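The sequence and structure are shown first.

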Amino acid sequence: MSIDPERFISHHARHHTVTANGIRQHYVEAGDGPPVVLLHGFPETSFAWRFQIPELAKRFRVIAPDLRGYGETDKPAGGYDKRNMARDLRELLRELRIPKIALVGHDRGARVATRFAKDYPEALDRLVVMDNVPTRIVARDFSPEVANAYWFFIFNQVPDLPEALISGREDLWLRHLFSDWCYNPLAISGAAFDTYVEAYRRPGALRGAMSDYRAIGEDVAQDKADADVKIACPTLALWGEDFHAVGKMFDMAAVWREMAGDLRTVSIPQAGHLPQEEQPGRVNAELLAFLAGWTG
């Protein structure tokens, strides 16, 4: 019998809140076994992993937090640099008494995961980074073409204006992003789209997501400081083959060879920026194969 991912998250996954690193963090949990943590990207929440959680939970203890500023996690005024967001995760794991994990991060979550890999190598067995060009490399390679594709990096940093323009029009904003970023423009639609719209209509949600981007200056400085330090653990870099701002713009294998020594790279066809939602079967197979050696 096939599993309805949205029903599984609603009725079978466990929802928890824990205060760690000074904020109340919400996370979804399912399954038992070696711990695997999933970190979502922008403009999403832990709901982004609804296709992965049921499958991974058959073998692993899956933990999918809402990042600082997103979903049901607190949205404080500050603390959005990636070193502190990685600390959010480290302190969450301490509260849960989990000493070591396998970590999967998409987009903004991959930036947090990359910083976690460098700051807490003792707590990480293996790493997956999904459809992400590291912030330092985006800044280093900035050009008119990159600026056109990464316009939201600049727009989201403007104080207050994005919130003022998007509030009350969250559906138009999200429709543009999902349609532009997906291979199938309607890949995120129906109840899934409505779930994201509802999440971003909640008080503080827009400000929280924009605050993530407003930390880019700090993020680049942190990344430059240890640019010569490669990620130590086995790393899988996976991306959507058809996203104009990642797979079609950057040599992703070369990008991640700069970042990690023990590296596997996979390009997912007929997928844009959200391969875990656009091609969940293929992504799940890659994740399960890469995580197979993680025994806790």
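In this predicted model, the buried residues of helix H9 pack against helices H7 (151–155), H8 (161–166), H10 (190–200), H11 (205–213) and H14 (275–278). The buried positions of H9 are Glu170, Trp173, Leu174, Leu177, Phe178 and Trp181. Viewed down the axis of H9, these residues fall within an arc of 120°, so they line one face of the helix. In general, residues three or four places apart in an α-helix point the same way, because there are 3.6 residues a turn.

Across the whole structure, 19 aromatic pairs are found.

| Pair | Distance between ring centres | Angle between planes | Geometry |
|---|---|---|---|
| Trp151 and Phe152 | 5.8 Å | 85° | edge-to-face |
| Phe152 and Trp181 | 5.0 Å | 55° | tilted |

The second pair links distant parts of the chain, with Phe152 in helix H7 and Trp181 in helix H9, 29 residues apart. Phe152 is buried, at 6% relative accessibility, whereas Trp151 is partly exposed, with a relative accessible area of 31%. Trp151, Phe152 and Trp181 belong to one aromatic cluster, whose members also include Phe42, Trp173 and Phe250.

Two arginine side chains lie over ring faces: Arg175 over Phe193, at 4.7 Å from the ring centre, and Arg126 over Phe290, at 5.8 Å.

How values were computed
Residues numbered from 1 in each chain as written. Predicted model: local features only at pLDDT ≥ 70, side-chain atom pairs only at ≥ 80, totals over all residues. Heavy atoms only, no water. Buried < 20%, exposed > 50% of the residue type's maximum accessible area, 1.4 Å probe, protein only. Helix = DSSP H or I, 4+ residues; strand = E, 2+ residues; numbered from the N terminus. Arc of directions from axis to C-beta. Contact = heavy atoms within 4.5 Å. Phe/Tyr/Trp six-rings, centres within 6.5 Å; stacked < 30°, edge-to-face > 60°. Lys NZ or Arg CZ within 6 Å of the ring centre and 35° of its normal.
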